[in-house]
Amino acid sequence: MKWWRESRFGMFIHFGIYAVAEGMWKGEPVEGLAEWMQFRRRIPVCEYEKLAEGLTLRNFDAKAIVDLAKAAGMKYIVYTAKHHDGFAMYDSKYSDYNVVKMCPSHRDPARELAEEAHKAGLKMCFYYSQVLDWQDPDAFGNDWDYDPSKKVFRRFLDGKCKSQLRELLTGYGDIGLIWFDMPKGIAYEESLELKAFVKELQPDCLVSGRIYTEPTVGDYGSMGDNEFPSGKLPGDWETPATLNNTWGYRKLDTNWKEPAEIIRLLVELLGKGMNYLLNIGPMADGSVPEESSAILKEVGKWVEQNGEAVYGTLATPYSCDFEWGRISEKENRLYLYLFEKNKAIRVPGIHNKVQKVRLLKKGRDIPIEFTKRRDEEIVSFELPDTDTPYFDVVCLELDGSPDVEQGIFEQPDGRIHLYAHMAKLNHTGGESDGITIDPNGNIVNWFRTEDRAEWEFAVRQPGMYSVLLQTRGVKYTPWAGGHRVAAECCGQRMEAVLSDGKKVSNAHSRYFDERLSDLGTIRIPKAGTRSLTLKLLNCNPEEKAGLLVTRILLERVTV
Ligand code: FHN
């Protein structure tokens with residue numbers, strides 16, 4: 001895992017014959033992800049395969065793609081050797097349903113990419129769809145060409161799946177990892193067998209967490225697509241993500257993310273010690289959409305400037321995030337990624353001695369004057385005016401590895417963040433029932449009015465605090481709320497119906513609608529450890545996913 005942890009940033013490439021269709025079928029746009037078109041329209045293999053003629057590769061330039069990955073600061077490439085459509089995007093001897101046999105240029109883009117990646121010192125990795133294969137009669141997914149009752153998954157596993165994995169793991173040099181995907185349908189034992197099969201051929205090759213529905217079977221976990229956890233997670237995780245909304249090339253999808261948003265998301269993941277696997281979807285001639293190149297090059301400038309705070313960094317040592325930015329650590333250093341410019345920053349709870357504070361500028365770092373208040377162990381500094389685009393990164397050099405205050409505590413700005421993943425849950429249902437914390441660190445499955453979530457936190461200053469509950473809607477679905485909740489703290493009780501809420505803008509906003517609802521104000525009479533309990537009084541039956549809590553925010557009210 002060493003190279004993977006060191007890398008932090010990789011390039012995903014979704015390239016297949018679906019790129020020829022550009023998200024259209026018979027003159028009509030096909031909704032959703034471009035690479036799912038065959039499934040959406042139930043296109044028979046004999047018709048779908050004709051797209052292969054249009055994949056010219058005329059402008060496919062493996063060196064240019066590798067150079068783009070390098071310019072973006074990415075350290076590994078994951079190329080779709082075979083996606084769900086079953087079409088091998090490399091020279092497969094096992095199946096003629098492949099790019100070399102069926103596309104007009106008869107070139108092997110996987111070989112060209114692997115050679116260039118190896119030359120450039122990037123890890124070459126392959127995506128392989130191990131369960132879904134719409135061309136193979138025994139794999140899952142295609143029930144329009146093949147009778148599902150006649151499928152024998154074992155035949156696919158021992159046949160196409162393992163044979164092609166052997167080709168990929170013996171014919172393309174050292175492979176960093178196999179990115180398995182969509183495991184629904186594979187048995188636990190089968191996924192272990194597949195993992196062992198990969199390791200036998202290349203012992204150092206990693207396998208992604210999507211080899212099985214339980215991510216721990218893999219060497220690391222993958223979040224849901226474009227999902228960013230609310231809190232830091234134990235273990236190794238990555239987020240696979242898009243630059244627009246689809247993976248394969250789709251002409252109509254012009255919903256490109258700005259470089260600032262991509263850097264914001266990268267920073268979010270660095271603060272959680274996670275990798276960012278960011279996608280490009282080349283067009284039928286093999287060229288990369290101009291928008292993708294432009295965004296990645298711009299992101300690369302920031303990464304180049306701040307590489308010290310990207311590669312090999314670990315998650316924040318704190319339990320909670322701060323409003324003003326994110327933090328990571330490496331050796332005796334803390335890196336602060338600051339969301340706003342020219343702000344006075346106060347970093348609390350640092351037990352170490354701070355030796356130096358500097359603004360990163362690649363070789364021309366700017367020293368920053370700072371003070372450290374002994375009583376509360378707060379390091380304060382003001383950022384000089386900077387011309388750096390996007391977020392500034394400040395490094396705190398410490399006298400040893402970072403030793404910071406743990407748990408939830410009131411921050412110098414008077415805010416107390418009660419993150420969902422830090423709640424103590426009291427659930428009354430059976431094993432698989434009742435509230436739980438999902439992989440994104442949110443409280444989910446909350447339908448029962450008997451269930452409770454409770455937080456303990458340290459208050460520094462007695463006073464009035466407003467209590468704001470942050471909840472989210474289901475992915476891609478507008479927030480509906482409508483639940484009646486109660487919060488109890490210091491002998492006081494607040495009740496509210498989540499009928500309205502201030503839209504939250506954060507790393508999750510594009511795909512998850514999150515709202516902050518005001519529950520009321522409480523008086524915390526004394527500093528010290530306090531607790532807050534959240535109850536669900538009435539669950540809105542219209543909200544199929546129940547109450548989804550991401551955090552409670554207490555804000556000191558200044559009068
Ligand atoms: O179905 C695929 C999808 O096409 C794409 O490959 C993504 C990448 O993470 N994985 C699956 C959906 O999660």
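Tyr79 is found in strand 4 of this predicted model, in which local features need pLDDT of at least 70, side-chain atom pairs count only at pLDDT 80 or more, and totals for chains, interfaces and linings use all residues. Residues are numbered from 1 along each chain as its sequence is written, and side-chain values use heavy atoms, with hydrogens and water left out. Strands (E, at least two residues) and helices (H or I, at least four) are DSSP runs, numbered from the N terminus. With a relative accessible area of 0%, Tyr79 is buried; buried means under 20% relative accessible area, exposed over 50%, and partly exposed in between, with a 1.4 Å probe and protein chains only. Not counting residues up to four places away in sequence, Tyr79 touches Ile13, Phe15, Met89, Pro109, Ala110, Leu113, Met124, Cys125, Phe126 and Tyr127, where contact means heavy atoms within 4.5 Å. Lys503 is 424 residues from Tyr79 along the chain, and their C-alpha atoms are separated by 37 Å.

Strand 4 (76-82) also meets helix 5, whose buried residues pack against this strand as well as strand 1 (9-13), helix 7 (109-120), strand 10 (275-280) and helix 11. Which residues of helix 5 are buried? They are Ala62, Ile65, Val66, Leu68, Ala69 and Ala72. Seen down the helix axis, these residues fall within an arc of 155°, so they line one face of helix 5; the arc is that of the directions from the helix axis to the C-beta atoms. An α-helix has 3.6 residues a turn, so residues three or four places apart point the same way.

Just after the helix, Gly73 takes a positive phi of about 90°.

Helix 5 (residues 62-72) packs with helix 11 (residues 290-306) at an angle of about 40°, their axes 6 Å apart. Axes are lines fitted to C-alpha atoms, for helices over the stretch in contact, and angles run from 0 to 180 degrees between N-to-C directions. Helix 5 and helix 11 are therefore oblique to each other, given that angles under 35 degrees count as roughly parallel, over 145 as roughly antiparallel, 65 to 115 as roughly perpendicular and the rest as oblique. Leu68, Ala71 and Ala72 of helix 5 make the contact with Ser293, Leu296, Lys297, Gly300 and Val303 of helix 11.

Val20 lies in helix 2 (residues 18-21) and is partly exposed, at 24% relative accessibility. Although Val20 and Met283 are 263 residues apart in sequence, their C-alpha atoms are 7.1 Å apart in space. Leaving aside neighbours within four places in sequence, Val20 is in contact with Leu51, Gly54, Leu55 and Ala284.
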